[in-house]
Amino acid sequence: MTDAAAAAARLRMQDPRKQYPQPPFPKQPQGAPGLARAMDPKPDHGETSYKGYGRLQGRKALVTGADSGIGRAAAIAFAREGADVALSYLADEQADAQEVQAVIEADGRKCILLPGDIKDESWCGELVARAVSGLGGLDILVNNAGKQVNQPDVQDITTEQFDQTMKTNLYAMFWITKAALQHMPPGAAIINTASVQGFSPSEGLLDYATTKAGILAFTKALAKQQIERGIRVNAVAPGPFWTALQPSGGQTQEKLETFGSAVPLGRPGQPVELAPVYVFLASQEASYVTGETYAATGGKGTA
Ligand code: NAD
Ligand code: MG
């Protein structure tokens with residue numbers, strides 16, 4: 001539930017550099033996929049600080065990677081704006097997913113838990129079918145799940161890693177989108193989580209950055225097609241955000257200590273800082289916005 005004091009503190013005019021935790025951060029290795037509940041400091045996904053204004057009243061949303069991080073923030077904000085939500089995540093993340101479900105149900109919205117591996121095409125079809133039957137339709141799809149494994153040299157990237165990164169970040173988006181579009185009415189919206197890495201790749205994220213550039217192209221082409229059916233498609237390109245992806249292999253532990261220090265804001269973003277972007281792109285407020293990429297990079301830009 002929204003806590004009035006937490007929501008007011010988030011929206012009070014203030015220096016954004018000081019608003020949330022800044023590096024240095026403690027080393028905190030976790031195995032992939034990582035849990036938000038094990039992070040120090042705890043990320044803010046808007047559990048108490050996001051306030052809704054009814055902008056998604058009655059909508060039905062499927063969010064992948066919704067147990068933690070950016071997907072959790074989008075799922076909580078969607079619910080607070082009046083949507084029912086289906087959460088896709090891996091079975092190992094059940095504890096995180098149940099926290100999200102408790103938050104959404106406390107707001108009086110429906111929340112369906114759909115654990116499963118989206119590297120599997122048949123599960124992607126099943127995931128969409130269960131979301132549609134559980135919610136009674138589908139108006140919003142957020143393709144947000146992602147795999148990121150830092151490797152210093154192309155020689156260190158195994159075929160297995162390359163394949164898993166492609167399957168999670170690109171193939172699953174393709175499979176889930178195809179299945180979802182069969183159920184989405186005019187006015188529906190698809191939002192794909194890309195990354196600043198799609199524009200300006202880091203040397204240690206070669207395979208990951210390749211998928212993120214692919215997501216940007218996929219988004220633009222799909223937007224041009226699907227507006228013929230009244231469906232908008234956009235991408236979000238985050239810079240560094242404080243999520244479980246990073247301590248669980250997305251960064252080296254050395255880089256995690258200074259995570260966010262290289263952007264002008266001097267700190268990583270908190271997932272809740274992206275929630276309004278997903279809400280806007282999902283809502284009818286963005287009626288003239290399709291085929292676009294919204295970047296939130298802490299001031300570094302996408303060049
Ligand atoms: P996160 O770890 O909290 O979320 C990623 C989620 O992907 C996991 O929670 C997991 O549920 C899901 N996932 C991964 N493999 C899966 C599989 N095989 N089957 C089902 N689900 C699977 O981290 P996050 O940072 O919130 O990541 C969300 C998105 O944001 C990702 O696409 C990531 O690439 C992107 N992104 C993150 C950052 C950042 O700095 N954190 C920056 C740019 C882009
Ligand atoms: Mg997770």
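Trainee: What should I know before we start?
Mentor: This is a predicted model, in which local features need pLDDT of at least 70, side-chain atom pairs count only at pLDDT 80 or more, and totals for chains, interfaces and linings use all residues. Residues are numbered from 1 along each chain as its sequence is written, chains are lettered from A and ligands numbered from 1 in the order in which they are written, and side-chain values use heavy atoms, with hydrogens and water left out.

Trainee: How far apart are the end C-alpha atoms of helix α3?
Mentor: Helices (H or I, at least four residues) and strands (E, at least two) are DSSP runs, numbered from the N terminus. The expected span of a helix is 1.5 Å times one less than its number of residues. Helix α3 covers residues 94-106, and its 13 residues should span 18 Å, which agrees with the distance between its end C-alpha atoms: 18 Å.

Trainee: Which elements do the buried residues of α3 pack against?
Mentor: Buried means under 20% relative accessible area, exposed over 50%, and partly exposed in between (1.4 Å probe, protein chains only). In α3 the buried residues are D96, A97, V100, Q101, V103 and I104. They cover an arc of only 165° around the axis (taken from the directions from the helix axis to the C-beta atoms), which puts them on the same side of α3. With contact meaning heavy atoms within 4.5 Å, these buried residues pack against α2 (69-80), β2 (84-89) and β3 (111-115).

Trainee: Which elements do the buried residues of α6 pack against?
Mentor: The 21 residues of α6 should span 30 Å, and its end C-alpha atoms are 30 Å apart, which agrees. Its buried residues include Y208, I215 and L222. The buried residues of α6 pack against α5, β5 (189-193), β6 (232-238) and β7 (293-296).

Trainee: How much of ligand 1 does the protein bury?
Mentor: An oxygen atom of ligand 1 is 2.6 Å from an N or O atom in the side chain of T243, and an oxygen atom of the ligand is 2.8 Å from an N or O atom in the side chain of Q246. Accessible areas come from the Shrake-Rupley method with a 1.4 Å probe, and for residues only the protein chains shown count as cover. Taken alone, ligand 1 exposes 810 Å², and the share of that buried by the protein is 97%.

Trainee: Is A61 buried or exposed?
Mentor: A61 has its place in strand β1 (residues 60-64). Leaving aside its neighbours within four places in sequence, A61 is in contact with F78, D84, V85, A86, L135, L138 and I140. Its relative accessible area is 0%, so A61 is buried.

Trainee: Which backbone nitrogen does the side chain of T64 reach?
Mentor: T64 also has its place in strand β1, and it is buried, with a relative accessible area of 2%. At 2.8 Å, the side chain of T64 reaches the backbone nitrogen of N144.

Trainee: How long is the polar contact that joins the side chains of Q151 and Q161?
Mentor: Q151 is found in the loop between β4 (140-143) and α5 (159-181). A polar contact is a pair of N or O atoms within 3.5 Å; within protein, one must be able to donate a hydrogen and the other to accept it, and residues adjacent in sequence count only if both atoms are side-chain atoms. The polar contact between the side chains of Q151 and Q161 is 2.7 Å.
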